[in-house]
Amino acid sequence: MAGRSPPGAVRFLSPCVFSSKEPKAAEIAADVSGLAEVSLVTWTGGDASPCDYADWLDVRFEGENGAAVASDQPWAFAWTFGGDQWRCPEFGRTQVRRDRSVLDTELRCGGQSFAKGLGVNAPSLIVVKVPPGAKKFLARGMIDDVTTNHLQGAKASAQFAVLAGVPSKEITSLLDLPQVLPAETRALIAALQGRCAPELVRDYEGLWKSLLFETKVLKECVSREERDKQAYQECANLLPSDRDPADVVARRTRALWNDLSASVGLKREGLALAALEESVRTLPVTDGAARARLYVQLCGVRRTIAFANPALKGIDKLVFVTREALPPEELNFGTHMVDQYFGFHATVKGTTRGNGLYVLENPFSDQPVARNLLAEAVVESGLRKGQRLGNGGYLAPDVSYDGKQILFSYTDGAWGGREWNEGSVFHVFRCNADGSGLVQLTDGPLNDLAPCWLPNGRVVFTSERRGGFGRCHPRPSPNYTLHSMFADGTDIVRLSAHETNEWEPSVDNNGMLIYTRWDYVDRGFSQAHHLWSTTPDGRDAREVNGNSHLSLRTAPMFIGDGHAIPGSGKYMAVAAGHHTEVRGSLIVIDPSVPDDNVMSQIKRFTPDQVLPEAEGPLKYDKASGAYASPWPLSEKYVLCVYDPLANAQYGYIDWRARRYAITLVDAFGNKETVYTHPSISCLTPIPLRARVKPPVLPHQTLVGRPCLENGAKPEKLPVERLPKTARVGVVNVYNSRYPMPEGAKIKALRIWQVLPKVSPIVNRPRVGLGDQKSGRQCLGTVPVEADGSAFFEVPVNVPILFHAIDDKGLALQGMRSVTYTAPGETLMCNGCHEQRVGVTQPRSSATPQAMRRAPSVIVPEVSGSNPYSYPRLVQPVLDAKCVGCHGDKRDAKAPDLRKGEYLADKDLFYTSIRSLAKYVHHYGAFIEWDEFQPPYTEPGKFGAYASPLYAMLAKGHHDVKLTDEELRRLALFMESNGSFLGHDHDARAQADGWVIYPVLQ
């Protein structure tokens, strides 16, 4: 530490102290002569326990004016580590405390109680003002006895340091401590307190951080220069000419005035801005107080200009909900893209106040008025008839196209552990725009989330009704996928057969549904959850952007809460993380640009916030994300919620102090606060007014049909009358984004059904060689004609993927995603992973050959493939042709291909599949942490073609003679992604070789 600090910066550094029956104290004595403030740093030693609860005891300054108790002195900054989410039961309770332990118990060390001191959890940092005339800082450093109450307490340790002033960048980097603004900057911020709106003070502090702090990004990320080039507008970046917040606000306000002045009268504001710009130019940057006053004046002019925006005309009310940002921990609080929406996480265990569905009247005035819309409302129908909705969790309001009704989700947020019941799950409600007519539309022990009005009058939402669990969780985390219903809550139908989560549907300008989908087939868990589109009846789901990103570090990890930009073909969304809430940076997506699998289609609307988890270290970003819930007004202006101090790209933040306010943000970098709730954060501001209804697309399935023109509900077809198959057509399999090998001849498509996970815990059981991979079964094959076309029937309502099979019977190209069909649907594909923009494909006027005939029927594969079973598909071949040389008489170097003692194997795997693992190509390393995999298959470079086992057999292996069927069985295994079990139900019976059908399709 001393070697990386300026001379004299380290005034004291103790040895490590440890938890023990007879603990020793670090005797601390530091020279503080002439210092205005000191930093008290506590660092973890030894085993880095999550419960390194340490105390600075008998802390005092001594000098010419006598002694002063340090715990009574004002501190300028205080931070302590919040605990380890998996090992520390006190996560979230830990904070720096005066005269108490970090857990708010009496200071007690070695069995002795102490009256004065500072309780922390290492690592920690406290910046304390030094009293005038003080010469010495004295204290004792010890481990608090409270550690004995914790499993990790025996490992507790700490080291104590006293630094002059605030830690240098070298120290904060070395010890992973928060960066602290210089004393003079903190004084400027403090001087603004009470002299302007609190939001301006927070913005002022946030701007100083962005100007003075070093952005912490991961090594694999693009440079600052590259990030700047990706900005939607260059003006939103920080520029070399920006010396302080006044420079930044003046420059960005001028850009705003230039954009609006042509369409609205802003002459007076332009003159006022010009005068302030002259003052900013001429006033020395060293006169910080005067320039802080200029900052406030500039913000006043900016507010007038911003609220004159024609895009705000007619918006006299906003509807929004209040929802506290979650503490940065998954298990108990839900800070994870999936868990954030489970109802029992909605109220942070009931600790928040002010939850509700609100209307903000006169939002773009100096005196907006917020009113709890449901304060007196009583539920008129549904399970909660006669009740009021209380201080539970509110989520995702959506206003009808005529502006007269509001949909939203509500839960009591009951916390009794991770339990799903009526009190702990979200359900969909509807009310009138004035709060009357409150009705409950859904019920049951499942979460129903994010309702959205469809142009045809139905309602789409996501629900856990599909069944199944996520595959990467060490806790039960059910899937929620797209469903729809009538506006009265009847006729609930599943729109999506996807086997993993889907989020936040909205309707774009073309009448299509836009939503986020976790596309987690044979890929790493963190890499593919981005925007998709589908018709309102659930047909033809296709990615909008991001499904083939080449790295976790060069593009958003999670794209959520997407909305079409009015009058544009572009979308605005939030770039968030996998292990975060949907909070982060706002981005603009342009699907008309050819996708380079990086950032070609994406621009950073708010480049001041890096992409959470993709670019920023997760230990910071779990509490990060300055922006959330965008509602675009145009390509340059958006309503959202914003907190400048929730941006953790500069290191740790005070996550308890986050306060998201409704904010008008523009592409030039300006943020104008519209409303801040007095006690809780806001979320999802939406204009409460009529809006243009997108076109109503034809309904082309036999389920979820909208009302007739006269308003009557159509006849609902009984399940037994619905077709069990639907038609799929492929125009030309050779129309591929990635070129097929020269001379390739595709003869068939092999169809695999991907199965949802029904057991809730990750890899219990593991189904194959890859980590966290899907169960599957092979439905069979259908022919491909000479022109590359195919036309066939598939079962409805099940997720399927295709492999293109060549004349050798092997998969040449394959999907790393799924599609599905609904009763009555005909699904058409142009090719295999075809590039949809930027490439002109030759078109033929001739009808594809396959479409000139009746659809093909799937021809089943060999036994053991449906349901899939390695014990039935593969092991009989090994027993018949291989174990003679690869059994008990094998050479020491030869792999053992027998069943072995599979009941003793932790995964019930046969010895043979473990022996073959390194000879079989599969996606997903044979480990417990599969974060990223290549995003797509390259033709001829996966499955059997990429497996050393097949190359050896094709070349000839001694005198082994396999029949065509036996070779086909082994190839199917290699192209199943190395599956052992077909699914995760009744693993023991599957391992024993029984035919076990999946319980959820």
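**View 1. The second largest pocket is lined by 49 residues.** Asp398, Ser506, His563, Trp631 and Arg691 lie nearest its centre. The model is predicted, so local features need pLDDT of at least 70 and side-chain atom pairs pLDDT 80 or more, while totals for chains, interfaces and linings use all residues. Residues are numbered from 1 along each chain, and side-chain values use heavy atoms, without hydrogens and water. A pocket is an open set of points on a 1 Å grid over the protein atoms alone, where a 1.4 Å probe fits, with protein on both sides within 12 Å along at least five of seven lines; lining residues have an atom within 4 Å of a point. β26 gives the largest share of the lining, 6 residues. The lining divides into 31 nonpolar, 7 polar and 11 charged residues (nonpolar: Ala, Val, Leu, Ile, Met, Phe, Trp, Tyr, Cys and Pro; charged: Asp, Glu, Lys and Arg; polar: the others, Gly among them).

**View 2. Four strands form an open sheet in the order β34-β35-β36-β37, with antiparallel pairing.** Strands are DSSP runs of E, at least two residues, and helices runs of H or I, at least four; two strands pair if DSSP finds at least two bridges between them. β34 and β37 stand at the edges with a single partner strand each, so one side of each has no neighbour in the sheet.

**View 3. Strands β35 (residues 637-642) and β36 (residues 661-666) pair over 6 bridges in the antiparallel sense.** The bridge partner of cysteine 640 is threonine 663 in β36.
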